[in-house]
Amino acid sequence: MQRVQARWWGLLMAVWMLSTAAAAEINTLQRLSETGTLRVGYGDTAPFSYQDDEGNVRGYSIELCQRVAEQLQQQLNLPKLDIEYVFRTPGNRVQLLNSGEIDIECNASTNNAERRRSADFSLSHFFVSVRFVALKENQFFTLQDLAGRSVSVARGAVNVGQINQANREQQLNLSVVPVETLQEAFDLVTEGRVAAFAMDDILLSTMIAESEDPSAYSLSEEAVTAEEPLGLLMRQGDQAFVEQVNQALREIYQRGDILALYERWFLQPLPGKGITLNVPISETLAQHFMNP
C-alpha cells in the first residue's frame with residue numbers, strides 16, 4: 001500500500017513539475033508584442049467580474065484590467081492591445097494561467113501565502129474578510145453556532161483551507177462541502193442542505209442582494225479571517241510581466257482614476273443587476289491607493 005501511495009505521489013509531483021516548467025517558458029510580454037492580445041480570465045463574481053444579459057463581460061476588476069491594458073500598450077509601445085476574455089472557475093484558474101490560456105485573472109483572488117505558492121499577484125485592488133451566509137431564521141451568527149453542522153465552500157478557493165483551519169482550532173466538528181461554483185454553494189444554503197456558505201464578505205453581500213428574497217439571509221457577525229488583500233492573478237516565473245502590470249496600476253492609482261472606478265461599482269447601481277451595494281471605500285483600501 002505504501003509503495004502504491006509513493007508511486008501516486010511521485011506521479012503527482014512529476015505532473016506539477018511539468019506544469020510549472022511549461023508555465024515558466026511562457027514569456028507574456030513577448031507574446032503580447034507578437035499577438036497584440038491580452039487573455040483575461042473572468043468569473044461569475046459580481047461586482048468584480050461577470051457577464052451581463054447581452055453577453056458583455058463587466059465588473060470592477062474587468063474595467064480596471066481594461067485600463068491596465070491601455071497603460072500596457074503605452075508602456076510597451078505596442079500598436080494595439082486587444083482583450084480576449086476567458087471564463088474561469090476557482091478550481092481551474094491556476095491551470096489556465098500555467099497553460100497560457102489566460103495571461104491574467106481579473107477577478108477577486110485572495111493574496112495570501114497559500115495562493116502565492118502557485119501564482120503571483122499584482123498590487124491590491126480590494127480588501128475583504130471571510131464571513132458566512134446562513135438563513136436568518138436559523139440564527140447562525142458565529143462559528144460556534146455552526147458546530148456539528150455543514151458548511152459549503154467553492155472548490156479551489158482559499159476559503160476551503162480557512163474553514164478547515166477554524167474547524168480544527170475550535171473543534172467545531174463541521175462537515176465541509178466543496179462545490180464547483182459560488183452559486184452552487186449559495187443555493188445549498190437556500191435549499192437548507194447546508195447550514196452556511198463561507199466566502200469573502202463583499203461577494204456574499206452581492207449574492208444576498210441578488211437573491212429572490214434578501215431578507216431571508218443573514219451575514220455572520222463574526223469574521224472567519226482578518227482583513228486580506230485581493231489582487232490580479234498572474235503566472236509564477238513571469239516577473240517582467242508582473243512588474244509591468246504593477247507599473248500600470250501605480251499610474252492608475254496615482255492619477256486618482258481608481259476612486260471614480262470604485263464609486264461606479266460599489267456605490268452606484270450595478271449594470272445589468274438592478275442592485276446597489278452601497279459599500280464605502282475602506283480606510284485600508286484608500287490608504288493603499290494613495291501609497292501602493
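In which sense do β8 and strand β9 pair, and over how many bridges? They pair in the parallel sense, over five bridges, where pairing takes at least two bridges found by DSSP. Strand β8 covers residues 150–154 and β9 residues 175–179; strands are DSSP E runs of at least two residues, helices H or I runs of at least four, numbered from the N terminus. Across this pairing, Ser152 stands opposite Val177 in β9. To get from β8 to β9, the chain goes through helix α6 (residues 159–170), and this β-α-β crossover is right-handed, that is, clockwise from the first strand over the helix to the second with the strands pointing away from the viewer.

A word on the model: it is predicted, with local features needing pLDDT of at least 70 and side-chain atom pairs 80 or more, while totals for chains, interfaces and linings use all residues. Residues are numbered from 1 along each chain, and side-chain values use heavy atoms, leaving out hydrogens and water.

Back to β8: five of its five residues are buried, so the strand is largely enclosed by the rest of the structure. Buried means under 20% relative accessible area, exposed over 50%, and partly exposed in between (1.4 Å probe, protein chains only). Ser150, Ser152 and Ala154 point one way, Val151 and Val153 the other. β8 also pairs with strand β10 (residues 196–200) in the parallel sense, over two bridges, and Val151 stands opposite Ala196 there.

Elsewhere, Lys273 lies over the face of Tyr50, 4.8 Å from the ring centre; the cut-offs are Lys NZ or Arg CZ within 6 Å of the centre and within 35 degrees of the ring normal.
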